[in-house]
Amino acid sequence: MNRLAHEASPCLLQHAANPVDWWPWLAEAFEEPRQSGRPVLLSAGDSSCHWGQ
């Protein structure tokens, strides 16, 4: 499980078991990469998401 496991959005929850360290969109998600100098990779959703549900 990753940080999406406790989200309310069905779109985010379907990725909760992915082996990726996903973060929901929040300020804390950017602090670790900022401190370590690593880039942030963003996902704007995918074709399996149904916005508006």
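Student: Which residues form the nonpolar patch on the surface?

Tutor: In this predicted model, the patch is formed by Trp25, Val40 and Leu42, which together have about 380 Å² of accessible area. Trp25 is placed in the loop between α1 (10-13) and α2 (28-36).

Student: Is Trp25 buried or exposed, and why?

Tutor: Exposed means over 50% relative accessible area, and because Trp25 reaches 70%, Trp25 counts as exposed.

Student: How many salt bridges are there, and how should I read one?

Tutor: Side chains of opposite charge can pair when their charged atoms come close. In this model the count comes to three salt bridges. One of them joins the side chains of Asp21 and Arg3, with 2.2 Å from N to O. Asp21 lies in the loop between α1 and α2, whereas Arg3 lies in the segment before α1, so this pair ties together parts that are 18 residues apart in sequence. Arg3 counts as partly exposed, at 33% relative accessibility.

Student: Where do Arg34 and Glu31 lie?

Tutor: Both Arg34 and Glu31 are in helix α2, three residues apart, which is about one turn of the helix. Arg34 and Glu31 form a salt bridge whose closest N and O atoms are 2.8 Å apart. Arg34 is exposed, with a relative accessible area of 57%, while Glu31, at 35% relative accessibility, counts as partly exposed.

Student: Which residue forms a salt bridge with Arg38?

Tutor: The partner of Arg38 is Glu32, and the closest N and O atoms of this salt bridge are 2.8 Å apart. With a relative accessible area of 38%, Glu32 is partly exposed.

Definitions and conventions. Residues numbered from 1 in each chain as written. Predicted model: local features only at pLDDT ≥ 70, side-chain atom pairs only at ≥ 80, totals over all residues. Heavy atoms only, no water. Patch = residues over 30% accessible without salt bridge, like charges linked within 9 Å, V, L, I, M, F, W, Y side chains within 5 Å. Areas by Shrake-Rupley, 256 points an atom, 1.4 Å probe, with all protein chains shown as cover. Salt bridge = Lys/Arg side-chain N within 4 Å of Asp/Glu carboxyl O. Helix = DSSP H or I, 4+ residues; strand = E, 2+ residues; numbered from the N terminus. Buried < 20%, exposed > 50% of the residue type's maximum accessible area, 1.4 Å probe, protein only.
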